[in-house]
Amino acid sequence: MTGKHLNLVLCGAGPAADAAVLIRLAQEQSWTVTVTATQAALSFIDTAELERLSGNPVRTDYGVAPGTERQVRPVNALIIAPATYNTINKLALGIADTYVLTSVAEIVGRRVPTVIVPFVNAALAERRPFVSSVESLRQEGITVFLGQTSSWLPHKPGTGRAQQMRFPWEAALQHLYRGNDADHPND
């Protein structure tokens, strides 16, 4: 990677509470970071902490604070983590009904290296819409970090809290450098 600006997109799932881990790891590797969060993610994150760490406001919608201008930085990499069932399916179908999905769709359309780390339980991951969405995103060149070869598997329903402790923040960042072929969801 030659660029050093990372956009981290957080969805409403438990690991979002630990997003500071990724910000610190990225900064240790000389990345600047902006955070975009879905409305559902706001109940999981400490917005003030993420803004302090990143030095940038957490974006959730099209608006900007009164008296400020929207700053748009070139994005050199995108990580969507934790990515929910809903976000993955909507992104694959091209549904851009929120600021987050619209901005992600545009970044993906610009062929910016993208890593998605799903946080879904096994029951949801086995559904055909999800499997099709993961396949579709991979066909677009997006790394979906999921499957036996990535050592990141969907968790059993009701065990998300334990799985959250193992969330692969560092591996997601490393994938941006490796350019690995996508893993297969049902390996």
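How close do the axes of α3 and helix α6 come, and at what angle do they cross? Hold that thought for a moment. One caution: this is a predicted model.

Now the answer. The axes of α3 and α6 come within 9 Å. They cross at roughly 55 degrees. For your bearings, α6 covers residues 128-139.

Who touches whom? On the α3 side, look for Y85, I88, N89, L91 and A92. On the α6 side, find P129, F130, S133, V134, S136 and L137. Sort this contact by class, and you get eight nonpolar residues, three polar ones and no charged ones.

Stay with α3, residues 85-93. It has another partner, helix α4, residues 99-109. Here the axes lie 10 Å apart, and the packing angle is about 50 degrees. So α3 and α4 are oblique to each other as well. The crossing of α3 and α4 is right-handed. From α3, the contact uses T87, K90 and L91. From α4, it uses L101, V104 and A105. By class, that is four nonpolar residues, one polar and one charged.

What is the order of its strands? Reading across, it goes β2-β1-β3-β4-β5. The sheet is open, has five strands, and the pairing is parallel. At the edges sit β2, residues 32-37, and β5, residues 143-144. Each edge strand pairs on one side only.

Go to β3, residues 77-83. Strand β1, residues 5-10, runs parallel to β3, and four bridges join them. There, L6 stands opposite A77 of β3. Four bridges also join β3 to β4, residues 114-118, again in parallel. Two partners to find on screen: I79 pairs with V115 of β4, and A83 pairs with P118 of β4.

Is β3 enclosed or open to the outside? Seven of its seven residues are buried, so β3 is largely enclosed by the rest of the structure.

Now helix α1, residues 20-28. Which of its residues are buried? They are A20, L22, I23, L25 and A26. An α-helix has 3.6 residues a turn, so residues three or four places apart point the same way. After α1 comes S30, and its phi is positive, near 70 degrees.

Last stop, Q164. This residue is found in helix α7, residues 160-164. Is Q164 buried or exposed? Its relative accessible area is 15%, and buried means under 20%, so Q164 is buried. What does Q164 touch, leaving aside neighbours within four places in sequence? Its contacts are G14, P15, A17, D18 and F119.

Strand β3 has seven of seven residues buried.

Terms used:
Residues are numbered from 1 along each chain as its sequence is written. This is a predicted model: local features need pLDDT of at least 70, side-chain atom pairs count only at pLDDT 80 or more; totals for chains, interfaces and linings use all residues. Side-chain values use heavy atoms; hydrogens and water are left out. Two strands pair if DSSP finds at least two bridges between them. Helices (H or I, at least four residues) and strands (E, at least two) are DSSP runs, numbered from the N terminus. Axes are lines fitted to C-alpha atoms, for helices over the stretch in contact, and angles run from 0 to 180 degrees between N-to-C directions. Angles under 35 degrees count as roughly parallel, over 145 as roughly antiparallel, 65 to 115 as roughly perpendicular and the rest as oblique. A crossing is left-handed if the near helix is turned anticlockwise from the far one by less than a right angle, and right-handed if clockwise. Contact means heavy atoms within 4.5 Å. Ala, Val, Leu, Ile, Met, Phe, Trp, Tyr, Cys and Pro count as nonpolar, Asp, Glu, Lys and Arg as charged, and the others, Gly among them, as polar. Buried means under 20% relative accessible area, exposed over 50%, partly exposed in between (1.4 Å probe, protein chains only).
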